[in-house]
Amino acid sequence: MTSALFVVSEHGYWGEECIEPLETLSEAGVDVTVATPTGDPPVVDERSIDPENVGEHTAERVREADASDPRLNDPEPIARVEATDYDAVVFPGGHGTEWDINADRHARALLREAVEGDDGTALVVCHAVGLLAFTRDGSGGFLVDGRSVTGFPNAWEEGIVDGDDLMPDGRKLPYWVEDEVVAAGADWDAELDADTSVRVDGDLVTARGPGSSAEAARTLLAELGVETPA
């Protein structure tokens with residue numbers, strides 16, 4: 001059976017970016033495991049379950065999955081999982097990833113193993129794309145150097161943080177994803193004129209944000225050779 005590991009933030013994952021791929025892959029018969037930095041359940045970003053932000057349907061779908069999905073409620077610690085045990089490793093986004101996933105050495109190892117290994121594929125979404133700015137390849141260079149990627153763009157960040165880079169919840173955003181990933185050598189294009197943005201470069205799949213989550217899930221299934229659910 002095809003398998004996937006989801007590495008999810010405990011500091012605020014964006015609901016649709018996790019639940020859409022998780023449920024789409026599950027419906028396609030992929031065996032999904034969830035991991036978090038400490039093994040505690042991931043924490044959903046409240047803005048991603050606010051009907052005024054995301055619509056009632058998405059808000060309710062995410063709230064239900066976050067509360068009742070046993071994989072989300074009983075995750076593995078990422079120090080105890082190996083990318084080689086899975087066909088894909090998925091990193092859902094959300095601003096919270098900047099405080100845990102993107103800075104975690106075990107997350108970096110999972111990404112590197114998935115992309116550089118003989119088998120495996122990585123899907124990295126939205127703010128989790130920032131993980132690429134801190135992940136080195138086997139030769140010590142940046143894993144993302146020269147790779148074609150998309151992710152959460154500066155143009156969107158400007159509409160969220162204030163002049164001091166403070167988030168709506170008062171936290172100071174430590175960095176902007178686009179700036180750091182470009183500095184690490186990425187060929188960056190968030191395709192701002194397009195409704196969705198998903199890019200594939202070898203065994204690395206990246207997606208821009210919530211609206212690209214469904215396309216990202218379908219793209220990953222195609223890369224895995226798994227038929228997309230009707």
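Is Phe-152 buried, partly exposed or exposed, and what is the relative accessibility behind that label? Phe-152 counts as buried, at 7% relative accessibility (buried means under 20% relative accessible area, exposed over 50%, partly exposed in between, with a 1.4 Å probe and protein chains only). This is a predicted model, where local features need pLDDT of at least 70, side-chain atom pairs count only at pLDDT 80 or more, and totals for chains, interfaces and linings use all residues. Residues are numbered from 1 along each chain as its sequence is written, and side-chain values use heavy atoms, leaving out hydrogens and water.

**View 1. Two aromatic pairs are found in the whole structure.** Rings of Phe, Tyr and Trp (its six-membered ring) pair if their centres lie within 6.5 Å; planes under 30 degrees apart count as stacked, over 60 as edge-to-face and the rest as tilted. Phe-134 and Tyr-175 are edge-to-face, 5.3 Å centre to centre with 70° between the planes. Phe-134 is partly exposed at 32% relative accessible area, while Tyr-175 is buried at 11%. Phe-152 and Trp-156 have ring centres 5.6 Å apart and planes at 80°, so this pair is edge-to-face too.

**View 2. Arginines meet aromatic rings.** A charge sits over a ring if NZ of Lys or CZ of Arg is within 6 Å of the ring centre and within 35 degrees of the ring normal. Look for Arg-136 over Phe-142, 4.0 Å from the ring centre, and Arg-171 over Trp-99, at 4.1 Å.
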